[in-house]
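User: I would like a close look at a single part of this protein, followed by an account of its surroundings. Please define the terms as you go.

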2 protein chains.
Amino acid sequence: MNHQEALTVYIASFVSELVQSGVTDVVVSPGSRSTPIAMVMAEHPNLKLHIHVDERSAGFFALGIAKATKRPTALLCTSGTAAANYFPAIVEANISRVPLVVLTADRPHELRDVGAPQSIDQIHLYGGHVKWFVEMAPPEASDEMVRYARMVCARAVATAALAPSGPVHLNFPLREPLIPLLENNQLFLQKERLNGYVKIQQPTVSLMKDEWDIYAELIESAERGIIICGQIEEDGFSEAVTAFAEKYQFPILADPLSQLRSGVHSGKAIIDTYDGFLRNERVKHMLKPDLIIRFGSMPVSKALTIFLKENHSARQLVIDGGMGWRDPALVSTEMVYCQETLFCEEVAKRAETKQESCYFLKWQKINTYTKELINTIDEAEELNEGKLFHQLAELLPEEAAIFVGNSMPIRDLDSFYHFNQKSMKVVANRGANGIDGTVSTALGVGTIHQPLYLFLGDLTFFHDLNGLVAAKLQEVNITIILINNNGGGIFSFLPQSSHPKHFELLFGTPLDLDFSKAVEMFGGQFTSISNWEQFSQTLLQDRGKEGIRVIEIVTNREKNAEEHKKLWEFVSQEIDSWMEKEDA
Amino acid sequence: MNHQEALTVYIASFVSELVQSGVTDVVVSPGSRSTPIAMVMAEHPNLKLHIHVDERSAGFFALGIAKATKRPTALLCTSGTAAANYFPAIVEANISRVPLVVLTADRPHELRDVGAPQSIDQIHLYGGHVKWFVEMAPPEASDEMVRYARMVCARAVATAALAPSGPVHLNFPLREPLIPLLENNQLFLQKERLNGYVKIQQPTVSLMKDEWDIYAELIESAERGIIICGQIEEDGFSEAVTAFAEKYQFPILADPLSQLRSGVHSGKAIIDTYDGFLRNERVKHMLKPDLIIRFGSMPVSKALTIFLKENHSARQLVIDGGMGWRDPALVSTEMVYCQETLFCEEVAKRAETKQESCYFLKWQKINTYTKELINTIDEAEELNEGKLFHQLAELLPEEAAIFVGNSMPIRDLDSFYHFNQKSMKVVANRGANGIDGTVSTALGVGTIHQPLYLFLGDLTFFHDLNGLVAAKLQEVNITIILINNNGGGIFSFLPQSSHPKHFELLFGTPLDLDFSKAVEMFGGQFTSISNWEQFSQTLLQDRGKEGIRVIEIVTNREKNAEEHKKLWEFVSQEIDSWMEKEDA
């Protein structure tokens, strides 16, 4: 068997196993060294190829697909800095527990570290930011090496998916000639093990019977229990946690990424304005918990983080099926490594339905009252970053996917997007909270979930501007709400804003760009909004339309920070008066 | 001393030492965690800050500055994926031996690996791709810790500069509050060691006296010696190597990045069309060397690499002041670790001036004849990628900096840009040969060298499109010659081009973008050229003008590959006939 035959058999075995292991999508960046893998992949009838020229965007696009499908998504690029461009998306995937199978082509051993072109050290290229790294054996077609290719592939996909999910990296040394022999139309034909070379039985992260009883008893004994849900995406979790909460009469402080702020469940236990009222000292005093049960990653709200720190003597259970350590406040008393849905179901099963609790009612009342206060934001006539997010529940269609950029948009969404029953999905990159790759990740999500709405600031948009090309080439429809405050809006909320000397240079960083041009280049439609009526009309008119639609809302950084400050002062003062009345 | 005072003293000591160690430029990306370093840097009167929102572009922009200044350039960003975005530029800097001092802000220890926002594992973030990594001590202002900050800084800058130059990485754990106290107007005042905390005496990589004699003798005894110069930038090297070559009567095969194809030296020994004539078997046979002396990195020409492999029995000296292993053909017989200029000077000093050598004359004659043949490309009336580069020597102004993109432009420059005395500088990212970061690196070079001309293809332009913002914000003038063949032109030269089935999908990858829009967004001027006259006129008219000027030349990938093929066949056939005549 010559080199090309061996190359073909080895790569085809790998690609065949990739599909049998459940990978459906691969994002491919063009390159020479990766030619045999790309060409074989293109031959596979059950593998969807997405071509993306910029590997940084490609990485985030794959991240988006994996977030949406909850399946490992593959990436393929050539050797050299191409592979280094994946790094930001890999870091994000690792922290946010998203399964990626990263395949990089490499020079063969004899061309490494000898000044050969496009040759960099790719061994452990992503360090500890991947769950597993394999330097693949050079292609050979012996029975043993075919078994090896299949085994490594099955194992890589399973490792990416295993809780906590994350990225794995396989590096392929490939020698010229790089062209596989595709005339063989039995490329993926197998004689045995037709359902995949090796099945990996994934474990359930669970507890023993008596441990359930202990937790059930512990939770039942709490008088002032609360549940906190950060970002979590587990099938059945919304139902399980709401049933759990209603049984125990515990409020659920639901981060927008918990997927609990929208859905067909009753919403009775959902507290969605804590970011507003937990800024008030009297409220915080009144609501001191004795038990905190946390699910998912750390919520966005800074007010909530402070509340957690202040209540460090409360018992705090962190339920984590990913067996990590999600406790930046360093206040947890118990790390419970158990699948979140299962925990809710098994523990609730053991509990009596509780009487209506006075403590629970207090949370509900303050939440309802705060919501009324926040509703006054709708009176604002001028364009305003808060009101924008306050209107989403009403303006967006049923089943919309909302992708939200970091920095201010996610915080505003947290403050102003409240419970609704539209079953909208909220997605963000909240592993490392970067402003990079946002457009691309959203578009990856958009290959699965439509209609897709992306909310982001101008710096975030700029950072991943060329990511928009995927919308054009992969034909993903997207409506982008571009909150253009010409610079880094979040810094106006930080202490440096009171040091004007270098503020605009170092933090404000206005780019003064007319984004309509870039949007036009990608074949999109750009509308700059001048009033609220035009905003809602444009959103409604654009529903169901194809292509890229960008709606720009121009705001002012300084004024925005000022308005937020005023609103929270107003909310806190009104709460104070209201509490005085209640007490009287 | 409180936290903010200690933070200020520690950071100010570091920044002060950075400047005293010779760093003049720092590229800063906005962020919260890096606030104290950014604010202190902005206070320093002798540090030039370049603000860049996208850290990937920022990394390459710094790389460009460091290439041009030959001094370590600093980078500063916040924690999280921001730092991961530097990775491609760091990989390139490491291989192409460019000194960078990468400063990343990090969360303090108590916020690491506990799910805190914007917190990733930054320890050894760039693995083996940096020369030195230091996890900095948390800020303290004791005398000892101030000495520590200064020592690490001086050492980091020196390590980056030490041959082979490269990137170093310092990671700063910083705790809130992050605002330094800048009211103290004696921020950088020092009582002692006014010229820097510690001077690091860099070594000269040299040989002992008797070793010079041995090499002088060895080289003198060669009858058929050639010199090959790849990318090299060392003061005085051009003069030293041309004097050396003329003394020994050795031809210099000069890569465009050797800086030998342009300059005030005689050019007598320069061979600049080898990429054309080393495709001819008879010529290769005629020109078989017995000694090869190589300087700099591996040249671009594939024909030359093949020639080297075919002559593996010739003695081959690789002179490398960077003490690396630049020999992808695996044919070197001696690695000589010695500063290149010094080697030329010391060895030549020991040699008698040789008689005109017949072998040398053969190289010159074939070079002159090939140049005549290549000149026929000027007859082409249609726009053509080869002719474009053939005209540069004439069309570009004295002292121009030519930055050339990877993939086809660097190869075409190699084939068609011949010796001239205009002292033009040619720069490219030829460490890992990526298409990423090209616009940004060119702009970094452009902060020092003007006028700046960037030649690149459409995919390369697209890959770093948002890098253009630096031209706008940092006011760097640039003329971009965009060779737009709507996709990956190089693949039409590779074996996959004869497999049409998935070719356009996987390799051709047309983006169908109207780049004029993006250029307009950045405030640039865009001209699409339709004939050669318009091209030269536009280039001439644009001379000395400010801002971004993009000249687009639309070509056809397939036709381009075909024309190249035809030209080299023509050159080879004509050489054959000519040699027959010569022999007769």
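At the start of α11(B), which backbone nitrogen does a side-chain oxygen of B:Ser301 reach?

Analyst: This is a predicted model, in which local features need pLDDT of at least 70, side-chain atom pairs count only at pLDDT 80 or more, and totals for chains, interfaces and linings use all residues. Residues are numbered from 1 along each chain as its sequence is written, chains are lettered from A and ligands numbered from 1 in the order in which they are written, and side-chain values use heavy atoms, with hydrogens and water left out.

The backbone nitrogen is that of B:Ala303: a side-chain oxygen of B:Ser301 comes to within 3.3 Å of this atom at the start of α11(B). Helix α11 of chain B spans residues 302–310; helices (H or I, at least four residues) and strands (E, at least two) are DSSP runs, numbered from the N terminus. B:Ala303 is itself buried, as are B:Leu304, B:Thr305, B:Phe307 and B:Leu308 in this helix. Buried means under 20% relative accessible area, exposed over 50%, and partly exposed in between (1.4 Å probe, protein chains only).

Elsewhere in chain B, a cis peptide bond links B:Gln450 to B:Pro451, with omega about -5 degrees. B:Pro451 sits in the loop between α17 (438–446) and β15 (452–457). Chain A has a cis bond from A:Ala163 to A:Pro164, where omega is near -10 degrees, and A:Pro164 belongs to the loop between α6 (143–161) and β6 (167–173).

A:Gln249, although not a glycine, has a positive phi of about 55 degrees. A:Gln249 occupies the loop between α8 (237–248) and β8 (252–254), and is buried at a relative accessible area of 8%. A:Asp512, also not a glycine, has a positive phi of about 50 degrees and lies in the loop between α20 (503–508) and α21 (515–521).

Finally, the two chains meet. In contact (heavy atoms within 4.5 Å) are 77 residues of chain A and 77 residues of chain B. Between them the chains bury about 6,700 Å², 67% of it on carbon and sulfur atoms; buried area is the accessible area (1.4 Å probe) that two parts lose on being put together, summed over both. Six salt bridges are found across this interface, each a side-chain nitrogen of Lys or Arg within 4 Å of a carboxyl oxygen of Asp or Glu. B:Arg56 forms a salt bridge with A:Asp54, their closest N and O atoms being 2.7 Å apart.

Notes: Polar contact = N/O pair within 3.5 Å; in protein donor to acceptor, adjacent residues only side chain to side chain.
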